[in-house]
Amino acid sequence: MLLIQCPWCGNRDQTEFSYHGEAHLKRAQDPQQLSEPQWGDYVFFRTNAKGLHYERWRHSHGCRRWFNAIRDTRSDRLHITYPPEQPPPDRQEFESEPCGK
Ligand SMILES: [Zn+2]
């Protein structure tokens, strides 16, 4: 059983959570000024990292609040979870941690 730490509820079973893609995406300030390829990049393309990745999660079967996490895609290990209003932690501090569970 994999436990995920909700920033508000503490450790809960992973079945209570849902994944919602990459975190900290920058919204287009003026979409009308983007070319079609730029708009396509903005709408469809996301980082597909092998290693540490900033992600959005939701405690959908708990408090229903959103939060962000740093997950290692090689091991599925969540290194840290934090509220969405908090700036992203520097992932370099997790680079040296082993990727095993
Ligand atoms: Zn929660």
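**Note on the predicted fold: sheet and core**

1. Tryptophan 57 of the protein chain stands opposite phenylalanine 67 in β5. The model is a predicted one, in which local features need pLDDT of at least 70 and side-chain atom pairs count only at pLDDT 80 or more, while totals for chains, interfaces and linings use all residues. Residue numbers start from 1 along each chain as its sequence is written.

2. On overall architecture, the protein chain has two helices and six strands. Helices (H or I, at least four residues) and strands (E, at least two) are DSSP runs, numbered from the N terminus. In that direction, the elements follow the order β-β-β-α-β-β-β-α. A box of roughly 45 × 30 × 20 Å, taken along the principal axes, is filled by the C-alpha atoms.

3. Four strands form an open sheet in the order β3-β4-β5-β6, with antiparallel pairing. The edges are held by β3 and β6 (77–82), each of which has a single partner strand, so one side of each is left without a neighbour in the sheet. Neighbouring strands of this sheet are turned by 35° against each other on average, direction ignored; the axes are lines fitted to C-alpha atoms, for helices over the stretch in contact, and angles run from 0 to 180 degrees between N-to-C directions.

4. The pairing of individual strands deserves attention; two strands pair if DSSP finds at least two bridges between them. Strand β3 (residues 18–22) meets β4 (residues 52–58) in the antiparallel sense over three bridges, and glutamate 22 has glutamate 55 in β4 as its bridge partner. Between β4 and β5 (residues 66–72) there are seven bridges, again antiparallel. Leucine 52 has aspartate 72 in β5 as its bridge partner.

5. Which residues make up the largest nonpolar core? Its six residues are Ile4, Phe17, Trp57, Phe67, Ala69 and Ile70. Three of them come from β5, the largest share. A nonpolar core is a set of buried Ala, Val, Leu, Ile, Met, Phe, Trp, Tyr and Cys residues joined through C-beta atoms within 7 Å.

6. Of the 101 residues of the protein chain, 10% count as buried (20 or more other C-beta atoms within 10 Å of the residue's own; exposed if 12 or fewer, partly exposed in between; C-beta atoms placed from the backbone).

7. Contacts (C-beta atoms, placed from the backbone, within 7 Å) complete the picture. Leaving aside neighbours within four places in sequence, isoleucine 4 is in contact with Arg12, Gln14, Phe17 and Leu78. Among contacts with a separation of 6 or more in the protein chain, 51% join residues 24 or more positions apart.

Terms used. Two residues are in contact if their C-beta atoms, placed from the backbone, lie within 7 Å.
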